[in-house]
Amino acid sequence: MSLSLSAISTLFPRTGTPTGADGILQILDGGGASSGASGGDPLPALTQAEANQAADIKTTAAQPDVARAISQFTAAVGKATSVQQLLQNPAALQVLLTANGLGDQAQYTALAQKALTSDPSDPNSLVNQLSDTSWKSVAQTYDFATKGLSIIQQPSVISTIANAYAEVTWRQSLDATTPGLSNALTFRGEASTITSVDQILGDPVMRAVVTTALGIPEQIAFQPLEAQEKAISSRLDITRFNDPRFVEAFTQQYLIAAGEAASSTTSTTTDITSLAAQSQGLVV
């Protein structure tokens with residue numbers, strides 16, 4: 001469902017840099033917009049990242065800390081005699097989860113071990129109860145529940161994980177200079193495959209890109225699924241993701257919003273630090 005211009009204007013007032021559907025329409029109409037933290041058009045950074053991806057990932061893999069992590073993972077997989085032993089190795093778990101897009105969950109070791117060893121074919125298993133479908137995808141890929149270490153100990157699988165870990169590390173470095181660039185890379189490549197709002201909500205990257213670009217607050221995740229679906233479907237006609245021009249504009253809008261959010265966070269942190277320093281100066 002698409003919105004009229006008047007309805008969009010109500011949802012997304014034209015104040016400052018345009019956001020949400022309103023901003024996307026302005027970009028499609030040729031209107032300009034700042035890119036937040038970077039101070040320029042973020043699309044050139046995205047284009048450059050795409051062009052240099054293979055070479056940059058190879059360079060990242062050779063960095064001492066990355067090479068060391070991959071070496072530790074490879075050694076742990078080779079020596080492991082059980083899935084439990086492998087997943088109890090912090091270094092191995094960190095690389096495995098990071099390579100599969102779950103690096104931010106590595107601190108939850110008990111959850112990771114239980115989720116990855118649960119049976120995806122059992123509707124009552126833990127992995128089928130988690131809202132983040134990435135856990136189920138990883139559990140299905142390595143099938144620890146029924147095949148033990150037989151899949152992950154294959155040389156080709158170890159190599160794939162090592163390359164994926166290097167790529168994720170490289171993507172994180174991109175985000176450090178252009179906030180949201182890693183998600184933008186993934187979104188631009190997969191946007192045309194989106195066929196439903198639930199597909200967006202079930203994928204952390206797609207959820208982040210779409211909700212950020214549309215100006216939907218993160219707190220929507222705490223609302224019932226129906227409310228989350230409506231928040232997106234009332235603002236976006238997902239069939240437009242079949243239009244490369246719209247995808248390009250949507251990606252740019254996401255990068256603009258991500259940059260502004262990063263600038264806001266940095267500004268707030270600086271203000272708090274400044275206040276703390278001032279308060280310390282009052283102590284005699």
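A nonpolar core is a set of buried Ala, Val, Leu, Ile, Met, Phe, Trp, Tyr and Cys residues joined through side-chain atoms within 4.5 Å. Buried means under 20% relative accessible area, exposed over 50%, and partly exposed in between, with a 1.4 Å probe and protein chains only. The model is predicted: local features need pLDDT of at least 70, side-chain atom pairs count only at pLDDT 80 or more, and totals for chains, interfaces and linings use all residues. Residues are numbered from 1 along each chain as its sequence is written, and side-chain values use heavy atoms, with hydrogens and water left out.

**Overall make-up**

- The protein chain has 15 helices and zero strands, where helices (H or I, at least four residues) and strands (E, at least two) are DSSP runs numbered from the N terminus.
- Of the 284 residues in the protein chain, 38% are buried.
- Among contacts with a separation of 6 or more in the protein chain, 61% join residues 24 or more positions apart; contact means heavy atoms within 4.5 Å.

**The core**

- The largest nonpolar core contains 69 residues, and I152, F187, F241 and F250 have the most contacts inside it.
- Helix 10 gives the most to this core, with eight residues.
- Leaving out residues up to four places away in sequence, F241 touches F187, A191, S192, I194, I200, V210, L236, F246, V247 and F250.

**Packing around helix 10**

- Helix 3 (residues 43–61) and helix 10 (residues 155–177) cross at roughly 115°, and their axes come within 9 Å. Axes are lines fitted to C-alpha atoms, for helices over the stretch in contact, and angles run from 0 to 180 degrees between N-to-C directions.
- On the helix 3 side the contact is made by A49, Q53, D56, I57, T60 and A61, and on the helix 10 side by N163, A166, E167, T169, W170, R171 and L174.
- The residues of this contact between helix 3 and helix 10 comprise six nonpolar, four polar and three charged. Ala, Val, Leu, Ile, Met, Phe, Trp, Tyr, Cys and Pro count as nonpolar, Asp, Glu, Lys and Arg as charged, and the others, Gly among them, as polar.
- Helix 10 also packs with helix 11 (residues 181–190), at an angle of about 115° and with the axes 7 Å apart.
- W170, R171, L174 and D175 of helix 10 make that contact with L181, S182, L185 and T186 of helix 11.
- By class, the contact of helix 10 with helix 11 has four nonpolar, two polar and two charged residues.

**Helix 7 and helix 8**

- The axes of helix 7 (residues 109–117) and helix 8 (residues 134–142) come within 8 Å and cross at roughly 55°.
- L111, A112, A115 and L116 in helix 7 meet W135, V138 and A139 in helix 8.
- The contact of helix 7 with helix 8 has seven nonpolar residues, no polar and no charged ones.

**Two buried residues**

- Q105 lies in the loop between helix 6 (90–99) and helix 7, and counts as buried at 19% relative accessibility.
- Q105 touches L97, L111 and W135, not counting residues up to four places away in sequence.
- Q105 and Q94 are eleven residues apart in sequence, with 8.7 Å from C-alpha to C-alpha.
- S134 is in helix 8, and its relative accessibility of 16% makes it buried.
- S134 is in contact with L102 and P204, leaving aside neighbours within four places in sequence.
- S134 and D203 are 69 residues apart in sequence and 7.5 Å apart in space, C-alpha to C-alpha.
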